[in-house]
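Me: I have a model open and want to go through a few local features. Can we start with the loops?

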Amino acid sequence: MPAIIRKASRAQLDIMIDWAAREGWNPGLDDAPAFWAADTQGYWIAEKHGVVAAALSLVRFDATYAFLGFYIAHPDYRGQGIGFALWQKAVSSAGDRTIGLDGVVAQQDRYRKSGFVYAHANLRYGGEVQCVEPPGTGLVCVSPVHVPILVDYDARFNPARRDAFLRKWLLPLATRKSVAFIRNAQILGYGTIRACREGHKIGPLFADTQTSADLIFRKLVTSVGGGQIFLDIPGPNAAAQALCDRYNLKPVFETARMYRGRAPDLPLGQIYGITTFELG
């Protein structure tokens with residue numbers, strides 16, 4: 001009997017996040033509501049004998065761009081073609097959209113066979129961080145009043161606007177905080193830190209300058225009292241690597257950012273932290 005492929009429910013997104021945790025991807029404790037808001041029809045499962053056998057997300061941000069993630073088969077159902085059948089069904093649903101993904105390095109050749117082209121490495125850095133809170137009044141905790149201007153700012157660093165996602169992501173929670181750097185009513189950068197299954201992860205972290213990025217990073221770290229911090233950076237950004245070196249963060253994981261379709265021209269030198277390996 002072939003697997004049944006269909007859209008995932010909201011409860012099944014929680015299953016997907018648990019699977020991601022078992023794979024070592026270290027998702028945030030309260031990621032699901034913002035992920036779901038990004039595209040409620042963007043999550044897929046394959047079922048076999050009434051059991052979820054494989055999962056995948058294909059979040060469509062607009063008519064031109066989607067991002068693929070959470071591509072996991074349950075260990076009991078690997079090597080049976082179920083995951084690939086799910087992949088084909090979900091990818092075909094994107095139509096003519098450019099699709100981005102962050103794939104493990106060992107699977108690059110498989111993604112190339114599906115039309116994806118390597119763009120650059122993304123590197124996860126991690127380690128114990130303690131730093132001093134930066135002075136000044138330009139660093140502010142994000143509140144709902146800031147969300148519209150941050151959505152506009154965020155659009156500079158992504159292939160498509162992320163309005164629905166950010167309206168949830170930027171809500172302050174006990175497990176997630178966001179900070180914006182504002183000077184003369186202009187956004188110079190912003191970042192989010194969230195509690196994960198292990199430590200805290202910073203992302204996104206976008207900033208106009210290295211100084212702005214450093215100030216935001218320190219404000220985020222001190223807001224949670226320091227400790228184990230993870231930051232996912234684009235490999236080509238030497239300034240982001242320097243920031244990691246400055247706070248003794250070490251590389252722990254690497255993926256390949258790949259695109260099917262026209263690759264976006266993003267200002268990688270101002271991207272100091274991507275949101276997550278699951279949502280681009």
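Me: Asn 184: buried or exposed?

Reply: Asn 184 is exposed, with a relative accessible area of 71%. Exposed means over 50%, buried under 20% and partly exposed in between, with a 1.4 Å probe and protein chains only. This is a predicted model, where local features need pLDDT of at least 70, side-chain atom pairs count only at pLDDT 80 or more, and totals for chains, interfaces and linings use all residues. Residues are numbered from 1 along each chain as its sequence is written, and side-chain values use heavy atoms, with hydrogens and water left out.

Me: Where does Asn 184 lie, and what is its phi?

Reply: Asn 184 sits in the loop between S8 and S9. Its phi is positive, about 50°, although Asn 184 is not a glycine. Strands (E, at least two residues) and helices (H or I, at least four) are DSSP runs numbered from the N terminus.

Me: And His 49, what is its phi?

Reply: His 49 has a positive phi of about 55° and is not a glycine either. It lies in the loop between S2 and S3 and is exposed, at 59% relative accessible area.

Me: Which peptide bond is cis?

Reply: The one from Gly 203 to Pro 204, with omega near 0°. Pro 204 is in strand S10.

Me: Switching to the inside. How many residues are in the largest nonpolar core?

Reply: There are 41, and those with the most contacts inside this core are Leu 13, Tyr 43, Phe 70, Leu 170 and Tyr 190. A nonpolar core is a set of buried Ala, Val, Leu, Ile, Met, Phe, Trp, Tyr and Cys residues joined through side-chain atoms within 4.5 Å. A second, separate core has 28 residues, including Leu 123 and Ile 202.

Me: What is Leu 170 in contact with?

Reply: Leaving aside neighbours within four places in sequence, Leu 170 is in contact (heavy atoms within 4.5 Å) with Val 142, Val 147, Leu 150, Ser 178, Tyr 190 and Thr 192.

Me: Which residues of H5 are buried?

Reply: Val 147, Leu 150, Val 151, Tyr 153 and Asp 154. Down the axis of H5 they fall within an arc of 165°, so they line one face of the helix. The arc is that of the directions from the helix axis to the C-beta atoms.

Me: What covers them?

Reply: The cover over the buried residues of H5 includes H6, S8 (176-183), S9 and S10 (200-207).
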